[in-house]
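I begin with the ligand and then turn to the chain contacts, the domains and the cores.

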Amino acid sequence: MKVSFFITCLGDMFYVNAGKAAVELLERLGCEVDFPRAQTCCGQPAYNSGYRKETIEVAKHLIETFEHAEYVVGISGSCVYMIHEYTQLFEEGSDWQKRAIALKDKTYELTQFIVDVIGVDDVGASYQGVATYHTSCHMTRLLGVKEAPFRLLQNVKGLELVDLPNRHDCCGFGGTFSIKMSDISEQMVDEKVAHIEGTKAHLLLGADGSCLMNIGGRLSRNGSPVEVKHIAEILNSRGDV
Amino acid sequence: MPMHIGEKDFKKRVTKGIEDDFMRGAVRSAQGRLQDKRATAADELGDWEDWRTLGSEIRSHTIEHLDYYLNQLSEKVAELGGHVFFAETGEEANEYIQKIAKEKEAKKIAKSKSMVTEEISMNEALEEIGCEVIETDLGEYILQIDDHDPPSHIVAPALHKNKEQIRDVFNEKLGYLKTEKPEELALFAREKLREEFLSADLGITGCNFAVAESGSFALVTNEGNARMVSALPKTQITVMGMERIVPGWEELDVVVSLLTRAAVGQKLTSYITALTGPKQLEEADGPEEFHLVIVDNGRSKILGTEFQEALHCIRCAACINVCPVYRHVGGHAYGSIYPGPIGAVLSPLLSDYDEYKELPYASSLCGACTEVCPVKIPLHEQLIMHRRKMVEDEKRTTLSERVAMRGFEQLMNSASLYRTATKMAPFMSTPFARKQMITKGPGPLKHWTHARDFPKPENERFRDWFKNREKRGEQDAKR
Ligand code: SF4
């Protein structure tokens, strides 16, 4: 299987380890991975702020960059969902809409791809530790990927996965929301962090870099010992257990 | 605008909400309870998703043919001997209701719970002409005696108060001397209210759903007071928002099932009352005179727009009960009698962007509301639509934001520009960074770093790693 990897703009700059792990993991599972270098951002900041015209231009660039791929796999549920949303941006029946639909049909979030397309639940990973998992809103509610991350994590040898109370609550990121409505966002992330710290986990996992950046930023500010990692890093881990 | 409540400034309202620990405690526990109950009730019904689809189809069909069904309803009500009045604005509705109150020389008016009468400030209008209006819904009653504290929730208007606060209000205003046990509080209120019912000259009810085919009105209440309001006084007025209608009894069954489950997690609320016109010859009780007031107040201008789905709302408050923003700021922070996600969509439509420009941004777009709405209103998408309107049609966003978005588009559209910018980022951010974290950000980032650290960009970007690795031929070795 040929996979064109979508790192996302934040991933490219801030989550290099997550990207590396995802690529190695996909290769280990037998995929041939390439990285279209023209890729930038999915356009979500503009879209969610109501800048449709600007979003369309960014979307066209991404479509052109990825449309020749066999599969596109991204490491952020939210950005992958944005690509799926492209179909709503263009005029009904237009050429661009057709291209957007074709891209949507082959674009997956990492864990979704592994479970649904490759058809694997156990990636042969091992990691010694206690972790909890943050379910990102866009990935679960909008993209509809609910089970895949858990199925994969359950099969990681040595990993104890503990339940995160109120795990369906948003962490308060929301893109520009965290800046525009920073005082409300702050309350939300605080509540999330309190729930995480209330578990015995020393590791927080998630499948969306932006949520992890938000929660991780608050944990770091609080001086919390809880570590934050992208799910790809654990799935690619083969430590002694 | 009558629907506006509280402080004018949005930021101040938010801060007040965040700092109100009592309110936040009350809201948090109510939300938790209601969320669990809703989920259980939905499970019990079984195929919840099929019910939602059905509900959404019924609402969308009804709103598409709203003029037809309103017509049918009016004819039915007239046939039964009732009077129908279409009010284009809140003022028109209030004038009509005032006129009836004067004609009947009404001193005391008993009223059941209704959001639309809040929306048009009917109570104030009636008080102006010297009437005494008694709220008979327990929540509304609490707020009324607490010097007209505004509602903070559309189903449980006093949700922001805990039981100790309610006990104190009763004690201070009515000399209540018992405990804060909910049953004791309710019993006390019920006794007080019973006296009022018996002496009211006029009854006013809201309307959950009007049934077009029979000219009936369904009222869903917790305490059965809608029945008292409509059975005892000689004259009854029912006030309805013009979209609160279903074609027939079969459809009513579906939407009421969805409403009670989504709202309070009950199969049926304690009382569902169906009223049909004035007392008929063969009937023993009911009002002698019946008036229906259908309120437009900005609804028809939503018809045919991208916001039409907002009119599908059945006011169950499920979206409010799951909303994390609502949980932290409370209902009053929205500045509207319609708070939470539906309030953020509806308030700018019924009023305007001048009044409610911040509300569409008061959401992280987490989609919890959309997921839970029993009639499938895409609430978070409607919020994005508002943002779009403000950008495109109204040019309301700041110049700096518009410039930034234009810059964003150019940056993300140019692979080479993007590459240069991301390459520079680690060096540009170094002065702000402590270890690998930025603790005091420049520009808009300062809002972020007020509460959180921001990671410093990695020196080797992912794309560099990938390229170098290709060069080194590691890829093949791995496979
Ligand atoms: S928008 Fe949906 S969930 Fe919210 S009150 Fe209306 S019907 Fe209920």
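**Notes on the model**

1. In this predicted model, the shell of residues around the ligand divides into twelve that are nonpolar and one that is charged, with no polar residue in the shell. Of the 13 residues around the ligand, those that come nearest are C313(B), C316(B), A317(B), C319(B) and C373(B).

2. Between the two chains, 66 residues of chain A are in contact with 71 residues of chain B, and the area buried between chain A and chain B is about 6,400 Å², of which 59% is given by carbon and sulfur atoms. On the chain A side, R37(A), Y51(A) and R221(A) lose the most area to chain B, and together they account for 11% of what that side buries.

3. Chain B is divided into domain 1, covering 55–301, and domain 2, covering 399–478, and the C-alpha centres of these two domains of chain B lie 56 Å apart.

4. The largest nonpolar core has 114 residues, of which Y86(A), F90(A), L73(B), F217(B), M240(B) and I245(B) touch the most other members. Helix α12 of chain B (residues 249–264) contributes the largest share of this core, with nine residues.

5. Which residues does L73(B) contact, leaving aside its neighbours within four places in sequence? The contacts of L73(B) are A210(B), V211(B), A212(B), G215(B), F217(B), M240(B), I245(B) and L292(B).

Notes:
Residues are numbered from 1 along each chain as its sequence is written. Chains are lettered from A and ligands numbered from 1 in the order in which they are written. This is a predicted model: local features need pLDDT of at least 70, side-chain atom pairs count only at pLDDT 80 or more; totals for chains, interfaces and linings use all residues. Side-chain values use heavy atoms; hydrogens and water are left out. A nonpolar core is a set of buried Ala, Val, Leu, Ile, Met, Phe, Trp, Tyr and Cys residues joined through side-chain atoms within 4.5 Å. Buried means under 20% relative accessible area, exposed over 50%, partly exposed in between (1.4 Å probe, protein chains only). Helices (H or I, at least four residues) and strands (E, at least two) are DSSP runs, numbered from the N terminus. Contact means heavy atoms within 4.5 Å. A residue is near a molecule or strand if one of its heavy atoms lies within 4 Å of it. Ala, Val, Leu, Ile, Met, Phe, Trp, Tyr, Cys and Pro count as nonpolar, Asp, Glu, Lys and Arg as charged, and the others, Gly among them, as polar. Domain bounds come from an automatic or database domain assignment. Buried area is the accessible area (1.4 Å probe) that two parts lose on being put together, summed over both.
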